[in-house]
Structure formats: C-alpha cells, structure tokens
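Me: Could you walk me through how to read a few features in a fold? I'd like the general idea, then the case at hand.

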Amino acid sequence: MGLSVLFGANVDPVWGDGDQPLRHALQADREGLDFVTVQDHPYQKAFYDTWTLMAFLAARTERVTFVPTVANLPLRPPAMLAKAAASFDLLSGGRLQLGLGAGAFWEAIEAMGGPRRTKRESLEALSEAIDVIRAMWSGERSARAGGAYYRVAGVHPGPTPSPSLGIWLGAYGPRMLELTGTKADGWMPSLGFLGLDRLGEAVARLDDAAARAGRDPGGLRKSYNLNGMIRQTSRGAFDGPVEQWVDRIAELHREYGMNGFSYWPDEDHDRQLSVFAQEVVPAAREAVAKR
C-alpha cells in the first residue's frame, strides 16, 4: 500500500499586498487542503522571511501542513535549520515538512553573505546537510556528522521532532535525483522546471536510487507543483476544465506514482484556489481511489 495522495496550494510570501499570505493560508485550511507551500528566496525584497511567515501562519491555522519550497540551504545553516524545523514541528502539532534545496541564484546568495558554489559543491553540501539535520533530530546524547561544508562535532541534539517530520528535496538533475532517492523522504519538482515529457525518466531514476539504497520507492512522497489555470476551455495540460485536471492527476498517480499535488495558480488566486479545493480535489481523490 502506497502513501495517501495529498493536495496543497502555494502561498506567495509577499509583504506588499495586504493580508494576502494569511488570507490564502486560511482559505487553504478552511477548504480542507492538506498542505501549503511557501517559496524561500531570502534575497527577494518583495518577500517576507519564509520561516517567520510559516510560523505566523501555523499559529493562525488549524490543520494544514507547511512546506518551504525549498529552504535555501546556503543561507540557512543546517544545524540551526534542523533545530528550527524540530521546534516548528513540535509546537505546531506535526504540521511541517522540511523542503530543502541546494541553492540557486548564486549572485543574490553571495550578495546576502552566502557562499557561491558549483553544481558539484552544492550537491556535496546538500548531502552533508542532510546528515547534519538527521543527527540533530536523532535524540542521541551527542552527535557528529558532516564533512567539508557543514559539520557538527559533539553537539547535544534536541528537541527530537515527531516521526512525521521529513526532508523533501527539490531535485531535477541526475545526481540530485540519486541523492533524493538515497537520503530524502520526499521529492517536490515543479511542472515549470520538469515537464510531463521528462517526468517519467526522473521518477525512474529516483525509484532506482531508492531501491539500490534498500528503500521502498513507494514510501517516498512525490509531490508535483502544478502551475496553471482551471477554466472552461483547454489551453494546456494543466490549463483547462476541472475534468481535465482530474484526469491528469489520476494519470500521474497511476503511471508515475505521484502522490502529492500543489496548485500554483497563474492568476486570480482566490477563486482558483476555491475551484481547486472544492471541485478538483474531491473528484481527484475519488478517481485515485478507484485505481
């Protein structure tokens, strides 16, 4: 038996548009969605700090889980990120998954005091960071982990988070997919960066890596960020009627084992979120259950 299928929605962390993040998070919570994703680009002047915003939103909502998409590792040291995530998890009643990324937009990261890394360096650093985070969540009396980029040596870990807290990676390249299958709990690609034409190949690489590591590929959370629009006429794979969305989601679950779907409306967020939650999600749950 695989994981249950989850449905979520993106909330943009903009601060110049009144109460938009809170309004959309409350809407997602009220409409019965499972999770809310929030971008993490600390160098973007139009954005709140993602971690602070998620904590605020968690305090104002009741049931939705929060997922940074994805936490900017070069600007968030993993030992402190692990402690923050464990604290968030416990204080919110288990309503967090740690989306984590190797970094991008290196000029902006460097301008904010972070390191500039090559693809190889960023992958190595991410792998070490996962080890450090796991060590900080271990509950051991003291822990050592890491290597050249990140390291803890004799740290006293704590608090210990709930078993539900996992690490979801935003991964696209072959080596990142290998790392995800080997070490992570989940995978969260975006349609805009990984189209339907390349999804099957990526899933196969991810599943193969998990199997080689002695892990069950069916136990990985595979959540697809879907940008698009729900409307009467079809203009693309995820730009069309409710029925088309439902069929596509059911197909992605059946063919590729995708078990999470987060909606990023291109525009008209309030109405689109309602249509997704009230019309697409119930029908998609039913279609998936018939598999």
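What follows is a short chat about strands, helices and a core.

Me: What kind of model is this, and how are the residues numbered?

Reply: This is a predicted model, where local features need pLDDT of at least 70, side-chain atom pairs count only at pLDDT 80 or more, and totals for chains, interfaces and linings use all residues. Residues are numbered from 1 along each chain as its sequence is written, and side-chain values use heavy atoms, with hydrogens and water left out.

Me: Which strands pair with β10?

Reply: Start with the terms: helices (H or I, at least four residues) and strands (E, at least two) are DSSP runs, numbered from the N terminus. Two strands pair if DSSP finds at least two bridges between them. Here β10 runs parallel to β12 (residues 260–265), with six bridges.

Me: Is β10 mostly covered or mostly open?

Reply: In general, side chains in a regular strand alternate between the two faces of the sheet. Buried means under 20% relative accessible area, exposed over 50%, partly exposed in between (1.4 Å probe, protein chains only). Strand β10 (residues 221–230) is mostly covered, with nine of its 10 residues buried.

Me: Why is helix α1 called largely enclosed?

Reply: An α-helix has 3.6 residues a turn, so residues three or four places apart point the same way. Helix α1 (residues 20–30) is largely enclosed by the rest of the structure because eight of its 11 residues are buried, among them Leu 22, His 24 and Asp 29. After α1 comes Gly 32, with a positive phi near 90°.

Me: Which residues touch the most other members of the largest nonpolar core?

Reply: A nonpolar core is a set of buried Ala, Val, Leu, Ile, Met, Phe, Trp, Tyr and Cys residues joined through side-chain atoms within 4.5 Å. In the largest one, with 80 residues, the answer is Leu 100 and Trp 187. Helix α5 supplies the largest share of this core, nine residues. Leaving aside neighbours within four places in sequence, Leu 100 has contacts including Val 70, Leu 126, Ile 133 and Trp 168.

How values were computed: Contact = heavy atoms within 4.5 Å.
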